[in-house]
Amino acid sequence: MFPPTKRLGRVLAVAAVAASITALSACGTSSGTTDGGGDAAQKLGENEGAISILAWPGYVEDGSNDPNVDWIHPFEKATGCTVTAKTFGTSDEAFNLMKTGDYDVVSASGDASLRLIASGQVSPVNTDLIPNYADVYDFLKMQKWNSVDGKSYGVPHGYGANVLMYNTDVFTTAPTSWDVVFDKASEHKGKVTAYDSPIYIADAALYLMKHQPDLKITNPYALDEDQLAAAVDLLKEQRPNISEYWSDSLKEGQSFQNGDSVVGTTWQVVQNTIGAEGAKTAVTLPEEGATGWSDTWMISSTSKHPNCAYAWLNYIISPEANGAATGYFGEAPAAPKACDFRTDCDDYHAGDADYAKQIWYWTTPIAECVDGRTDVKCTDYSQWTQAWQEIKG
Amino acid sequence: MTSLTAVARPRRTAARAGSAFLMRHAWLRLTLLLTAPMFWLGVVYIVALALLLVTAFWSVDSFTGEISTTFTFANVAQVLTDSLYRAVTLRTLGVAVAVTVIDVLLALPIAFFMAKVATPRARGILMIMVLMPLWASYLVKAYAWRSVLSHDGILQWILTPFGGHTPGYGLTATIITLSYLWLPYVILPIHAGLERVPDSLLEASADLGGGTWRTIRHIVLPMAVPAIIAGTIFSFSLSLGDYITVNIVGGASQMLGNLVYTNVGAANNLPLASAIALIPIVIIFAYLFLVRRTGALDNL
């Protein structure tokens, strides 16, 4: 038996160590690199035998989620590059993870790609070294989210819309408008969900663009101060009706399955996952149109495996892999040949350039209005972030 | 004669020579002993904290996301004046206080039973039961509560016959989950403190006619206060910095930790995040300062 004081000290020490371990395990560290973007590769060498991929959930499937969904093992077999993959929930997370320099390639949406280029995290890509690039839809090549000054910074992966998910028990007919999450959200108080990122402000702006024409919003990513304030007000009205903001698509799916959420924005992949498990949900594209994404595979400027990175870029836009990956995620593929390997290309209007134009692809809002206005200064992403924190309160 | 020198002269080995050398050089002994822990304390802890303080006075380029190291008060001013941060700070404080109060109320009877009533055998079993949840991952426990508190969950199922319903995700759920998570950290110090109360004092109180409540109020509590405060330091400070639990069961609510997290993760604004992180540090220091006067820190 120890004397009481010693015993107390020991117990406290144990508790303190346990507490500090808990606290430490919740922390992570990252370090930034400020390397320049560099030049595109001129020729390829031997594959390095490994590649580290940073991707949206559902872009890198090795069969562990669904044994029938696997395009990683064929890649590893064909190229000898062993894949390690990490997924991210928001573009902001991707942007910050890229700063660690731990990843060779990243699937970047338009609200991350330009930032990645501007901060020198990614290198230009020599598309001549990627044979499958020739098959990619022309309207996806050299766009403002994947090229700068005529230099290509990656290959398109696929594109799609942020759709509206609803509980089929609660909504017997499919909602036709986003008003179910905005003006009529109070009908489902505490059961509405929304995407947890400042870029979600664009969804409110898109709604206002159609319902409050006097605000003169022409592009949901080009908002001057008044227009941003209107969008913020709309989201603040939405706030009391929110069950939770989601950034983890698995968690969102779980909330819909449990009935904790009954309506809100989602990705097709969530419906595919929980629909397969028998959830009573469906998705629809409301009449206002939707925000969406067009993703680009980019190569890190500090990549330790550039040859495997090029091999990956070529592989992921090859018809079979691109068909499998975009089909699983629920988006239109980057190349028409991919449709030979999936049956639902028409549902996503693949290759329909006019339809693709109606989706408002995620774009980083910057002070120089992206809708071409020059008489006002637009609000930039840091202002959106600030506004987003205020909305959440 | 030879029997008197039965203890052989020690053989000269390298280890023995080394230990003799260390024996003669106290400073070297101390250096070897303390280098690793001092390195940890200095570099990993103090330098990290100092960097955090310094970063709060820098700013960030909004487009490239690079930190610019020119001195500015803007972040700290923003944190001090913006009503958002005031609201979130008050909410976080409220959660931390609620969790601490609940944990102390739960821990006191358990700890008292373990220290004074239970047989040594039962005490061992109870101690294992208190410590057992610490073997499971924090995340697993938080997600378990997410499913318990769901509208489809076990709590709803239990409460429905009585006309009740689950609080759903929100601040209440956060308080429940955090109270569960930090309970062992509160029980342990209080148990240790109560164990120090001599049984003879309790008997003396009884002999002099003191009833149960009187004994607890005038004998046990005054002696246990430092231990209780030591326990509250854990639950209070751990709750103040938490952002994962509120993310999992907190619904749409955010706490200070979430603001730090979004500013590092989403907004990529490390300086503002550092400035926000100063709030809990200041609160904890103020709390420790108050606590120091009670003598609870002498127990640590």
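I take helices (H or I, at least four residues) and strands (E, at least two) as DSSP runs, numbered from the N terminus.

**Conventions.** I note that residues are numbered from 1 along each chain as its sequence is written, and that chains are lettered from A and ligands numbered from 1 in the order in which they are written. This is a predicted model, in which local features need pLDDT of at least 70 and side-chain atom pairs count only at pLDDT 80 or more, while totals for chains, interfaces and linings use all residues.

**Confidence.** I looked up the scores of the model and found ipTM 0.73 and pTM 0.77. For pLDDT, the predictor's confidence in each residue from 0 to 100, chain A averages 85, with 90% of the residues at 70 or above. Where pLDDT is low, the predicted coordinates should not be read in detail. Chain B averages a pLDDT of 87, and 94% of its residues score at least 70.

**Chain A as a whole.** I find twelve helices and 15 strands in chain A. The radius of gyration is taken over C-alpha atoms, and the globule rule is 2.2 Å times the number of residues to the power 0.38. A compact globule of 393 residues would come near 21 Å, and the 23 Å of chain A agrees with that. Taken along the principal axes, the C-alpha atoms of chain A fill a box of roughly 75 × 60 × 50 Å. A residue is buried if 20 or more other C-beta atoms lie within 10 Å of its own, exposed if 12 or fewer, and partly exposed in between, with C-beta atoms placed from the backbone; in chain A, buried residues make up 52% of the 393. Of the contacts in chain A with a separation of 6 or more, 73% join residues 24 or more positions apart.

I next asked how many residues of helix H4 (residues 110-118) of chain A are buried. Seven of the nine are, so H4(A) is largely enclosed by the rest of the structure. Among these buried residues are A:Gly110, A:Arg115 and A:Leu116, and what covers them includes helix H3 (91-98), strand E3 (105-108) and strand E13 of chain A. Just after H4(A), A:Gly120 takes a positive phi of about 75°.

For helix H5 (residues 201-211) of chain A, nine of the eleven residues are buried, so this helix too is largely enclosed by the rest of the structure. The buried residues of H5(A) include A:Ile201, A:Asp203, A:Tyr207 and A:Met209. They pack against H6, strand E11 (263-266), strand E13 (291-300), strand E15 (360-361) and helix H12 (381-392) of chain A.

Most residues other than glycine have a negative phi, and most peptide bonds are trans. With 11 C-beta neighbours inside 10 Å, A:Lys216 counts as exposed. Phi of A:Asp149 is near 55°, also a positive value in a residue other than glycine. A:Asp149 sits in the loop between E5 and strand E6 (151-152) of chain A and is exposed, with 6 other C-beta atoms within 10 Å.

**Chain B.** I find 13 helices and two strands in chain B. Its radius of gyration is 26 Å, whereas a compact globule of 300 residues would have one near 19 Å. The C-alpha trace of chain B spans about 90 × 65 × 40 Å along its principal axes, and 35% of its 300 residues are buried. Lastly I looked up B:Arg217, which is in helix H10 (residues 212-241) of chain B and is exposed, with 12 other C-beta atoms within 10 Å. The C-alpha atoms of B:Arg217 and B:Leu22, 195 residues apart along the chain, are separated by 53 Å.

Definitions and conventions:
Contact = placed C-beta atoms within 7 Å.
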